[in-house]
Amino acid sequence: MSDALIADAPVLQRQAPTSSAGRSVVSGIEIPLGLLAEVTHRCPLQCLYCSNPVALEKPAEELSAETWARVFEEAAALGIVQLHVSGGEPLARRDIVEIVRSASAAGLYVNLITAAMNLTPERADALVAAGVDHVQISLQDATREGVALIAKSEGAFEKKLAAARLVTERGLPLTINAVVHRQNLDRVERMIGIAEALGAHRLEIAHTQYYGWAYLNRSALMPERRQVEAATRSVTEAQERLRGRLLIDYVAPDYYAQYPKPCMGGWGRQFINVTPSGGVLPCHAAASIPGIAFENVRERSLDWIWHESPAFNRFRGTSWMPEPCRSCPRQDEDFGGCRCQAFLLTGDAANADPACTLSPHHGRIGELATAFSANGESEFTYRRYS
């Protein structure tokens with residue numbers, strides 16, 4: 001997952017809804033734009049960089065299709081327009097067509113985020129009929145050997161290309177999502193060529209975000225600076241060359257950044273994540289921060305959680321910020337950066353994101369980038385249920 005999720009679908013217009021409580025505990029709370037529905041953590045792949053938590057939620061804990069239908073209705077009433085159906089692998093659920101149908105019936109723009117390993121022509125037809133508007137397929141590398149190495153799955157490369165063709169043959173817009181790191185960054189030009197050949201509408205080239213399984217694999221995934229610089233040049237050239245034919249979004253690496261990204265558009269500003277068991281988060285990695293109690297859709301409505309919950313209000317806006325963020329002219333641009341990264345690298349989620357050169361902790365992230373990128377080949381920890 002990445003910040004680009006919130007730009008995957010067209011922005012539709014809705015009338016601003018009113019909180020069920022009739023008020024907001026923080027003035028000026030914005031209407032959320034996107035909902036990421038992680039309908040399962042099951043997946044046929046074992047990707048090294050998976051953003052799912054290391055403690056994967058079990059199938060027995062998953063919300064039912066009926067509960068997801070209620071969540072989608074609440075999301076639409078709250079003002080959400082974009083739904084990203086993800087996992088794990090959403091196609092691992094036998095009732096995925098029913099889930100998509102209920103989302104479409106609620107009036108949401110449905111983006112299916114999939115590894116596409118088990119997408120058949122029959123299932124593709126059923127998903128189109130159910131109301132899928134857009135499909136995003138992950139591409140772990142530009143070669144079959146690279147995909148097999150990163151995802152630990154033989155034959156995955158060919159299955160993904162075949163699935164992408166099923167999508168475009170049915171007239172659906174296609175996004176190819178390529179998560180890049182030391183193991184594949186030298187082949188970024190080939191990834192661009194594959195997306196172009198497949199007729200993709202959009203290509204997201206996103207440097208690995210070091211949460212979940214990627215955090216465990218930083219030694220194997222951290223790119224060298226020369227790789228980042230070369231890839232950035234290649235992407236910039238391709239963006240110009242393919243302008244009007246293929247939209248290329250580029251998510252830069254935090255560990256080599258000058259300023260932080262506005263993580264998910266800012267904590268509690270544009271985005272809601274619902275986990276397979278119903279936990280509601282402001283971003284997919286927020287549960288990694290200790291000491292914050294996140295609500296569950298089994299007990300609370302999305303409206304209440306968005307407007308009233310202490311978790312969503314904890315880092316919303318700018319009033320919580322310490323220095324140097326509090327007096328920084330960029331505070332309304334990046335909202336202090338990533339709270340999860342601040343916690344993982346400094347031990348305190350309220351600290352300035354170390355990705356920022358103005359942060360007193362910026363030296364730490366530079367040291368880590370240098371140390372990890374110099375480690376060479378390291379042992380992989382593959383994603384799997386423990």
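Backbone exceptions and charged pairs

A: Lys 152 counts as partly exposed, with a relative accessibility of 47%. The model is a predicted one, and the geometry described here should be read accordingly. Although Lys 152 is not a glycine, its phi is positive, at about 55 degrees. This residue belongs to the loop that runs between helix H4 (144–151) and helix H5 (156–169). Such a value stands out because most residues other than glycine have a negative phi.

Met 264 also has a positive phi without being a glycine, with a value near 50 degrees. Its place is in the loop between strand E7 (247–251) and strand E8 (271–274). Met 264 has a relative accessibility of 1% and is therefore counted as buried, the cut-off for that class being under 20%. Lys 152, by contrast, is partly exposed because its 47% falls between 20% and 50%.

The peptide bonds provide two further exceptions to consider. Most peptide bonds are trans. Gly 87 and Gly 88, however, are joined by a cis peptide bond with an omega of about 10 degrees. Gly 88 is located in the loop between strand E2 (82–86) and helix H2 (96–105). A cis bond also connects Glu 323 to Pro 324, and here too omega is about 10 degrees. Pro 324 is found in the loop between helix H11 (310–313) and helix H12 (331–334).

The charged side chains complete the account. Side chains of opposite charge can pair when their charged atoms come close. The count of salt bridges comes to 19. One of these links Lys 261 with Asp 254, at an N to O distance of 2.3 Å. Asp 254 is counted as buried because its relative accessibility is 8%.

Arg 226 and Glu 224 form another salt bridge, with 3.4 Å between the closest N and O atoms. Both partners are partly exposed: Arg 226 has a relative accessible area of 46%, and Glu 224 one of 31%.

In the salt bridge between Arg 330 and Glu 333, the closest N and O atoms are 3.6 Å apart. Arg 330 is partly exposed at 22% relative accessibility, and Glu 333 is likewise partly exposed at 49%. These two percentages lie toward opposite ends of that class, because it spans the values between 20% and 50%.

Finally, salt bridges also join into a network, in which Arg 42, Glu 62, Arg 93 and Asp 95 are linked.

Key
Residues numbered from 1 in each chain as written. Predicted model: local features only at pLDDT ≥ 70, side-chain atom pairs only at ≥ 80, totals over all residues. Heavy atoms only, no water. Salt bridge = Lys/Arg side-chain N within 4 Å of Asp/Glu carboxyl O. Buried < 20%, exposed > 50% of the residue type's maximum accessible area, 1.4 Å probe, protein only. Helix = DSSP H or I, 4+ residues; strand = E, 2+ residues; numbered from the N terminus.
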